[in-house]
Each structure stands twice: as C-alpha cells, then as structure tokens.
Amino acid sequence: DKNGLDITNPAQQSDVVGCIKYTPKENASVIIDTALLEFNNWAVESVETRAQILERVADALEENGPEL
C-alpha cells in the first residue's frame, strides 16, 4: 500500500498485526525535533517518576492487552 507498510506476524506471515504510516519528508525534522525534546524531558525525570510511569503503562497494557 502506498500509504504505509503492513507489519506481519513473523510466525504467520498472512497475519497483519499493524501498519507503519509513511510521512512526507518535510515532516521529518519536526518529528525528529519532537522526539529529541521528549527524550530530554524524560531524561530529567527522577528514576522514581519514570518507574511509576512505566508501571502505569504496564498495568494498562495488561488490562487492555486483548483489545490491543
């Protein structure tokens, strides 16, 4: 598909499990700058804060796993 790349289950190639959407080249610098900013924001958080966030993410994944 010209709008993205299908991601398949390696064990079952016919099972599409996701899609990576293509983005125009002109958006790349904005995306990279945003990722760098958020990485720096994450890096200055305390270990305790990052651990709490990751615990909440893990809990949400466990709770909603079947839907995902």
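A residue is called buried when its relative accessible area is under 20%, exposed when that area is over 50%, and partly exposed in between. The model described here is predicted. Its protein chain contains two helices and two strands, which follow the order β-β-α-α from the N terminus. The radius of gyration is 17 Å, well over the 11 Å that the globule rule gives for 68 residues, so the chain is more spread out than a compact globule.

**Overall dimensions and burial**
- Taken along the principal axes, the C-alpha atoms fill a box of roughly 40 × 35 × 15 Å.
- Of the 68 residues in the protein chain, 1% are buried.

**The negative patch**
- Glu55, Asp59, Glu62, Glu63 and Glu67 form a patch of negative charge on the surface.
- One of these residues, Asp59, is located in helix 2, which covers residues 47-64.
- Asp59 counts as partly exposed because its relative accessibility is 43%.

**The nonpolar patch**
- Leu5, Ile7, Val17, Ile20 and Tyr22 make a nonpolar surface patch of about 460 Å².
- At least two residues of this patch come from strand 1 (4-9), and at least two from strand 2 (12-21).
- Tyr22 is found in the loop between strand 2 and helix 1 (28-43).

**The loop between the helices**
- Val44 belongs to the loop that lies between helix 1 and helix 2.
- With a relative accessibility of 70%, Val44 counts as exposed.
- Val44 and Val16 are separated by 28 residues in sequence and, C-alpha to C-alpha, by 37 Å in space.

How values were computed
Residues numbered from 1 in each chain as written. Predicted model: local features only at pLDDT ≥ 70, side-chain atom pairs only at ≥ 80, totals over all residues. Heavy atoms only, no water. Patch = residues over 30% accessible without salt bridge, like charges linked within 9 Å, V, L, I, M, F, W, Y side chains within 5 Å. Areas by Shrake-Rupley, 256 points an atom, 1.4 Å probe, with all protein chains shown as cover. Salt bridge = Lys/Arg side-chain N within 4 Å of Asp/Glu carboxyl O. Lys, Arg positive; Asp, Glu negative; His and termini not counted. Charge placed at Lys NZ, Arg CZ, Asp CG, Glu CD. Helix = DSSP H or I, 4+ residues; strand = E, 2+ residues; numbered from the N terminus. Buried < 20%, exposed > 50% of the residue type's maximum accessible area, 1.4 Å probe, protein only. Rg over C-alpha atoms; globule rule 2.2 N^0.38 Å.
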